[in-house]
Amino acid sequence: MNKKFKILSVIMCLITLFPILASGLTDNNTNAADNTDLNSDKVFVKQQERYTCTLAANVMLLRRAALLSGDENWSKITESACKPQLWCGGMIWDYTYSGIHVVCEKVSGNAANVLKELLAKHPEGVVAYDYDYPHAILLTDYTDGKFYCADPARNTESGRMESSKALINPAGAEAYWYVKEPIKKSNIVNTSTISSKTGYVNKALKLTGSADQAEGKCKYTYSYKKSTATKWTTIGKADTTSTSANFKPSSTGTYTVRVKVTDIDGTSKNKNFTVKVSKYPPLKNESTVSKSKVAAGKTVTLKAKAKDGAGDYKYTYYYKLSSESSWTRIGKASTTTASAKFVPENEGDYDIRIFVKDKALKTVKKDFKLKVTE
């Protein structure tokens, strides 16, 4: 960053500077991310422009702070996203972004000692700035007598590294940015539901969005992705206040259906459901027989009824004495007539069977007992 350019930036932004003593970050809360998460290469960035080292270093600071707070949208904190709010010809000295309050202080005393003490309280890190070079880096930790950092300069290594490989020495830092406000682990719990985890083509499943321990009124984004797809499809509008949506699959397969809940603090939590979609619902046989006991010579009515399946139902009716093994068909097989008459001539115990069949040739039987008296 050009030194004259930086001096101009400081003049433009001095009005925002309110020096405050550093305070602890976590109040001994359990962090939402561990060191492996915080030091993942995906967390660190390189500056997009020649003069934006301070902005890029603060982006990395914000990302690690968001991870500690349990914010699943930490990766959306980017230089381009932050610049309109955090850049006024230079990095501003006091700001709040995504609920994270960051301030800048000038080093008072031995820089190495000051930064060591800050890192002991701030697991998200501290941005160190050297006016003389000038350049900024994110200090990630002080471990085994060494500072570790991420340098946003494009001509340095990516990811966490020893500070000796960075463009500036932390011992020569003259200012630093740090998270002033304690970060609390997000308590929001996504309690959204889906009406069924089994679906059928062109049959709607209901998604209900809800959350516990959220701050204020929530917004919801409903989406789905087929197992063979790479992109998510949003159902309706993203970040809607509607607490329900319908998912109507247009083809068979396995889908992941997601409900994202976001509270007024910007904290989001996803909940996924795996839904297996078939072409038709299972065929059901809901046939009935008018009587279970009748005198010989009296008529019994058999009523066939089918539900779901592929439609275009056909029916077949049978009877036999319970003591026999062979069945006698009543009328024609696979008829569209939804009823049949049976007149038993002799007393005894009878079995009655009704088959229903759909156009996909799925068949379901239903059996009944009939007692015929003299």
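Predicted model: local features only at pLDDT ≥ 70, side-chain atom pairs only at ≥ 80, totals over all residues.
1. Of the 374 residues in the protein, 44% are buried.

2. As to overall organisation, the secondary structure consists of five helices and 27 strands. When contacts between residues at least 6 apart in sequence are considered, 62% of them connect residues at least 24 apart.

3. Three strands form an open sheet in the order S9-S11-S15, and their pairing is antiparallel. Strand S9 (193-194) and strand S15 (244-247) are the edge strands; each has a single partner strand, so one side of each lacks a neighbour in the sheet. In general, the strands of a sheet pair through backbone hydrogen bonds, in either a parallel or an antiparallel manner.

4. Within this sheet, strand S11 (residues 205-208) is joined to S15 by four bridges, and the two run antiparallel. At the level of residues, Leu207 has Ala245 of S15 as its bridge partner.

5. Ser287 is found in the loop that lies between strand S18 (284-285) and strand S19 (288-289).

6. Once neighbours within four places in sequence are set aside, Ser287 is in contact with Lys303, Ala304, Lys305, Ile354, Val356, Lys366 and Phe368.

7. Aromatic pairs in the model number twelve. Tyr129, Tyr131 and Trp177 are linked by ring pairs into a cluster. In general, the description of a pair of aromatic rings rests on the distance of the centres and the angle of the planes.

8. The charged end of Lys225 sits over the ring of Trp232, at 5.8 Å from the ring centre. For Lys320, the charged end sits over the ring of Trp327, and the distance to the ring centre is 5.2 Å.

How values were computed. Residues numbered from 1 in each chain as written. Heavy atoms only, no water. Buried < 20%, exposed > 50% of the residue type's maximum accessible area, 1.4 Å probe, protein only. Contact = heavy atoms within 4.5 Å. Pairing = 2+ DSSP bridges. Phe/Tyr/Trp six-rings, centres within 6.5 Å; stacked < 30°, edge-to-face > 60°. Lys NZ or Arg CZ within 6 Å of the ring centre and 35° of its normal.
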